[in-house]
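Hi,

Here is the structure I promised to pass on.

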Amino acid sequence: MADTRIYRQFDPVMFFSMLSLIGMGVLMIYSATFQSASQDLYIRQLQWCAVALVLFFILLNIDYHVLADSSLPIYVGSLVFLVAVLFFGKRISGAKSWFSLGYFNFQPSEIAKIATILFLAKYLSDETRMFLVLRDFLLAGLIVLVPMFLIILQPDMGTTITFIPPLILLMFLAGMRYKWILGAILAGIASLPVFWLFLKPYQKDRILTFVDPSKDPLGAGYQIIQSKIAVGSGRIFGKGLFSKETQAYLDYIPEKHTDFVFSVLAEDFGLIGVVVTLAIYFILLMRVLSTARQARDRVGVFIVMGFFAIFFFHFVVNVGMIVGLMPITGLPLPLMSYGGSSLLSTIGAMAIIMNVRMRRFVN
């Protein structure tokens, strides 16, 4: 039977901030697609929301220590899915990243994010030395590099790089020496030429057009140019919902309901809408940090900070991409972009964070 005492620590601010962003996302998906062939996507997103909220409350009732203690089989299971998708997955937009399950598609790399954070947090939190030794450094890196390697084979470069921020942050919290941090940074810089060789031509074009979008305005630079036009055309108050004179309505913005949903928001609601939405994200992120600060043990802190790193990275890269401050990487905006797998994994992560918060005073 569930321990009802934990619900006294339920955080309504975190929960309703999350719901607000989901609701705003569904509204923007509808605004972007209401007169297109994909006009039912908002209904699918609502269905995913319902499933995700059920998952949210199920995870609240499973002590996060149980999840941490079970993290190795969960991690291994996620790797099995990543291998299986390479053989049996469905290729979409050039990447074999999805299982087709009839009515919907499922992306196993989203499960791998949660599984890797749980396993990495468990491993590093069990080490009580003031500084990590070389063995810890190598094993922690291996935990993250294995799923990264399998995901880059799909190939899905955007998802692959989301594993790097939590690795760096959690190793720093666990006591990584500064000389190793410096060494890792130098090794990362030195490996860039090799990394460049493995990029697909369209990925190289995205980076080159990030530097100069006008280099290929009708090709690789098209998305970012149209996105910036949409953001700027919203001005202070926006053009309003369902306006037929918008960049989104006229289909100038590719992927407007997924990766570029924030462009639709900026065009519909202008600067006012952007500021309000960013404020909600800020409140949510501060509640997550507050949870980490108040967690009762190391594994709780490490789990929360691992999920914080991924959430923050997704948010910064997506919003930066919309306004041309980051290269286009294909990362969705957490809680707002269309996509069942992304929504499930994000809400699942939020449930585990809330789980840590709710058990801070329970013996």
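**What I found**

F210 sits in helix α11 (residues 201-211); helices here are DSSP runs of H or I with at least four residues, strands are runs of E with at least two, and both are numbered from the N terminus. Before going further, note that this is a predicted model, so local features need pLDDT of at least 70 and side-chain atom pairs count only at pLDDT 80 or more, while totals for chains, interfaces and linings use all residues. Residues are numbered from 1 along each chain as its sequence is written, and side-chain values use heavy atoms, with hydrogens and water left out.

Back to F210. This residue is partly exposed, with a relative accessible area of 32%. On that scale buried means under 20% relative accessible area, exposed means over 50%, and partly exposed is in between, using a 1.4 Å probe and protein chains only. What does F210 touch, not counting residues up to four places away in sequence? The list is G324, L325, M326 and P327, where contact means heavy atoms within 4.5 Å. F210 and M321 are 111 residues apart along the chain, yet their C-alpha atoms are separated by 8.9 Å.

Now for the inside. The largest nonpolar core has 91 residues, and F56, L124, I303 and L335 touch the most other members. Helix α14 (residues 298-322) gives this core its largest share, 13 residues. A core here is a set of buried Ala, Val, Leu, Ile, Met, Phe, Trp, Tyr and Cys residues joined through side-chain atoms within 4.5 Å. In soluble globular proteins, nonpolar side chains tend to be buried together. If you click on F56, you'll find it in contact with F10, F15, M18, I347, M350, A351 and M354, leaving aside neighbours within four places in sequence.

Which residues of α4 are buried? They are S71, Y75, S78, L79, L82, A84 and V85, and the buried residues pack against α3 (64-69), β2 (95-101), α5 (108-126) and α6 (134-152).

On to the charges. Side chains of opposite charge can pair when their charged atoms come close. Taking a salt bridge as a side-chain nitrogen of Lys or Arg within 4 Å of a carboxyl oxygen of Asp or Glu, the count comes to eleven. One of them joins K122 and D126, with the closest N and O atoms 3.6 Å apart. Because they are four residues apart in helix α5, K122 and D126 are separated by about one helical turn. E127, R129, R135 and D136 are linked in a network of salt bridges. Within it, R129 meets E127 at 2.8 Å, N to O, and R135 pairs with D136 at 3.7 Å. D136 is buried, with a relative accessible area of 0%, whereas R135 is partly exposed at 45%.

Last, the surface. L182, I185, L186, I189, L192 and F195 make a nonpolar patch of about 560 Å². Patches are made of residues with over 30% relative accessible area and no salt bridge, with like charges joined within 9 Å and nonpolar side chains (Val, Leu, Ile, Met, Phe, Trp, Tyr) within 5 Å. The areas come from the Shrake-Rupley method with a 1.4 Å probe, and for residues only the protein chains shown count as cover. Helix α9 supplies the largest share of the patch, four residues. I185 is in α9 and is partly exposed, with a relative accessible area of 47%.

Cheers
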